[in-house]
Amino acid sequence: MAAAGQRRALKTALMQACEGQRLGAATDEAGRARIINLIRELEQLNPTARPAQSTKLLGTWRVVWTTESELLALTNSGLLGLPCQGASQTIGRTAAADERGAQRGAFDYSLSNEISFEGGFLRVGSSCEPQAQGGRVNFRFESCAAKWRSVQLPLPPVGSGWFEVLYLDEDLRLCTDVRGDWQVCIKG
């Protein structure tokens with residue numbers, strides 16, 4: 001019971017620290033250190049033993065704070081002069097995975113990253129593969145597109161990598177990735 005209360009208090013402190021930070025673009029060094037420290041404290045209280053394999057990972061997650069430089073640049077500069085309105089990630093099972101049922105194969109999951117702008121978006125689609133143990137999820141980019149009003153432009157998808165789920169519950173996901181970036185996401 002003490003761990004649950006401590007988790008609630010840390011989650012509240014983390015959300016307060018992320019508030020008004022424009023996805024992290026407005027965070028100074030002291031604020032960044034505080035948020036990362038709160039992530040590390042919550043990591044020690046992670047209620048989900050195998051977060052990469054948990055069904056709690058599936059769904060749409062709204063990014064509330066990150067250190068990812070591309071997202072922060074788009075938050076500061078926008079796209080085609082349009083301000084960033086938010087960012088999200090959707091993790092789901094592919095149709096092939098649903099057909100196979102329990103016999104999960106490599107890259108049976110999808111990951112869609114979207115940055116929204118007034119009248120448009122930048123979206124990167126990936127396949128992803130949760131590792132059998134722990135919190136690591138490997139991904140590889142498969143599609144990329146930018147849309148503004150009725151014009152959609154395909155862009156080349158580049159790269160692959162992984163992210164590590166440090167903390168996962170019904171409404172909060174905390175991650176780090178192959179580049180050392182941090183991310184705070186809430187469900188919905």
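The structure is a predicted model. In it, E114 belongs to strand β3, and its side chain makes a polar contact with that of R123. Elsewhere, F139, F141 and F163 are linked into a cluster by ring pairs.

**E114 and its contacts**
- Strand β3 spans residues 109-117 and contains E114.
- The polar contact between the side chains of E114 and R123 is 2.6 Å.
- Leaving aside residues up to four places away in sequence, E114 touches G86, A87 and S88, as well as F121, L122 and R123.

**Arginines over rings**
- R123, the polar partner of E114, also has its charged end over the ring of F121, at 3.9 Å from the ring centre.
- F121 is itself among the residues that E114 touches.

**Aromatic pairs**
- Searching the whole structure gives two aromatic pairs.
- One of them joins F139 and F141 in a tilted arrangement, with 5.3 Å from centre to centre and 55° between the planes.
- The pairing extends to a cluster that includes F163 along with F139 and F141.

- F139 is classed as buried because its relative accessibility is 13%, under the 20% cut-off.
- F141 has a relative accessible area of 27% and is therefore partly exposed, since that class lies between 20% and 50%.
- The tilted pair thus joins F139 and F141, of which F139 is buried and F141 is partly exposed.

Note on methods. Residues numbered from 1 in each chain as written. Predicted model: local features only at pLDDT ≥ 70, side-chain atom pairs only at ≥ 80, totals over all residues. Heavy atoms only, no water. Helix = DSSP H or I, 4+ residues; strand = E, 2+ residues; numbered from the N terminus. Polar contact = N/O pair within 3.5 Å; in protein donor to acceptor, adjacent residues only side chain to side chain. Contact = heavy atoms within 4.5 Å. Phe/Tyr/Trp six-rings, centres within 6.5 Å; stacked < 30°, edge-to-face > 60°. Buried < 20%, exposed > 50% of the residue type's maximum accessible area, 1.4 Å probe, protein only. Lys NZ or Arg CZ within 6 Å of the ring centre and 35° of its normal.
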